[in-house]
Amino acid sequence: MLLSLYFAPALALTITLAGMILKVGALLGECPDSGRAAKAAAVTIATGYTAVGFGGLILIGAGYVAIAPGELAGLLGALGLASLCLGLGFSNAVVTLRAVVDRAMTPPRPDAAAAPAPEAAPA
């Protein structure tokens with residue numbers, strides 16, 4: 001019974017944070033310069049976040065069952081660890097999304113593409 005009390009809020013938190021990634025991507029997608037990149041990156045990042053998040057929740061749940069089955073303190077510890085991990089993953093996902101938008105906004109430098117490759121030293 002306590003395991004379902006772990007998975008219900010943990011899965012709800014994962015889905016909510018993935019939805020927030022999509023909302024941030026939609027807001028960044030309103031920019032005419034970086035809109036397409038932001039929307040595509042948000043879907044990709046949210047999908048990866050959800051997959052990794054669900055895997056982490058399953059691992060934490062398995063640890064909870066192995067270490068402290070049926071104890072409220074173990075349940076709260078598992079929920080705390082899951083929340084911490086999901087929050088850190090969310091912040092990393094948003095930073096990645098911002099990096100994609102920044103790269104889409106920054107035009108490539110023309111001199112970097114035209115620079116000749118360095119020659120090898122004579123043997």
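How many helices and how many strands are there in the chain? The structure considered here is a predicted model. In this model the chain contains four helices and zero strands. Read from the N terminus, the order of elements is α-α-α-α. The chain comprises 123 residues, of which 26% count as buried.

The largest pocket has a volume of about 240 Å³. Its lining is made up of 15 residues, and those closest to the pocket centre are Tyr 49, Val 52, Gly 53, Cys 85 and Gly 89. Two helices, α2 (35-67) and α3 (72-105), each provide at least two residues of this lining. The greatest contribution comes from α2, with eight residues. In composition, the lining of the largest pocket consists of nine nonpolar residues and six polar residues, with no charged residue among them.

Two of the residues closest to the pocket centre, Tyr 49 and Cys 85, were examined individually. Tyr 49 is part of helix α2. The relative accessible area of Tyr 49 is 8%, which is under the 20% limit, and the residue is therefore classed as buried. Between Tyr 49 and Ala 93 the C-alpha separation is 7.2 Å, while the two positions are 44 residues apart in sequence. Cys 85, by contrast, belongs to helix α3. Cys 85 has a relative accessibility of 40% and counts as partly exposed, because this value falls between the 20% and 50% limits.

Ser 83 is located in helix α3. With a relative accessibility of 37%, Ser 83 also falls between the 20% and 50% limits and so counts as partly exposed. The C-alpha atoms of Ser 83 and Leu 57 are 9.5 Å apart in space, and the two residues are 26 residues apart in sequence.

A nonpolar patch on the surface is formed by Leu 81, Leu 84 and Leu 88. Together these three residues have about 290 Å² of accessible area. One of them, Leu 84, lies in helix α3, the helix that also holds Ser 83 and Cys 85.

Note on methods: Residues numbered from 1 in each chain as written. Predicted model: local features only at pLDDT ≥ 70, side-chain atom pairs only at ≥ 80, totals over all residues. Heavy atoms only, no water. 1 Å grid on protein atoms, 1.4 Å probe; cavity = no way out; pocket = protein on both sides within 12 Å on 5 of 7 lines; lining within 4 Å. Points joined across faces, edges and corners; volume = space filled by probe spheres on them. Nonpolar A, V, L, I, M, F, W, Y, C, P; charged D, E, K, R; others polar. Patch = residues over 30% accessible without salt bridge, like charges linked within 9 Å, V, L, I, M, F, W, Y side chains within 5 Å. Areas by Shrake-Rupley, 256 points an atom, 1.4 Å probe, with all protein chains shown as cover. Salt bridge = Lys/Arg side-chain N within 4 Å of Asp/Glu carboxyl O. Buried < 20%, exposed > 50% of the residue type's maximum accessible area, 1.4 Å probe, protein only.
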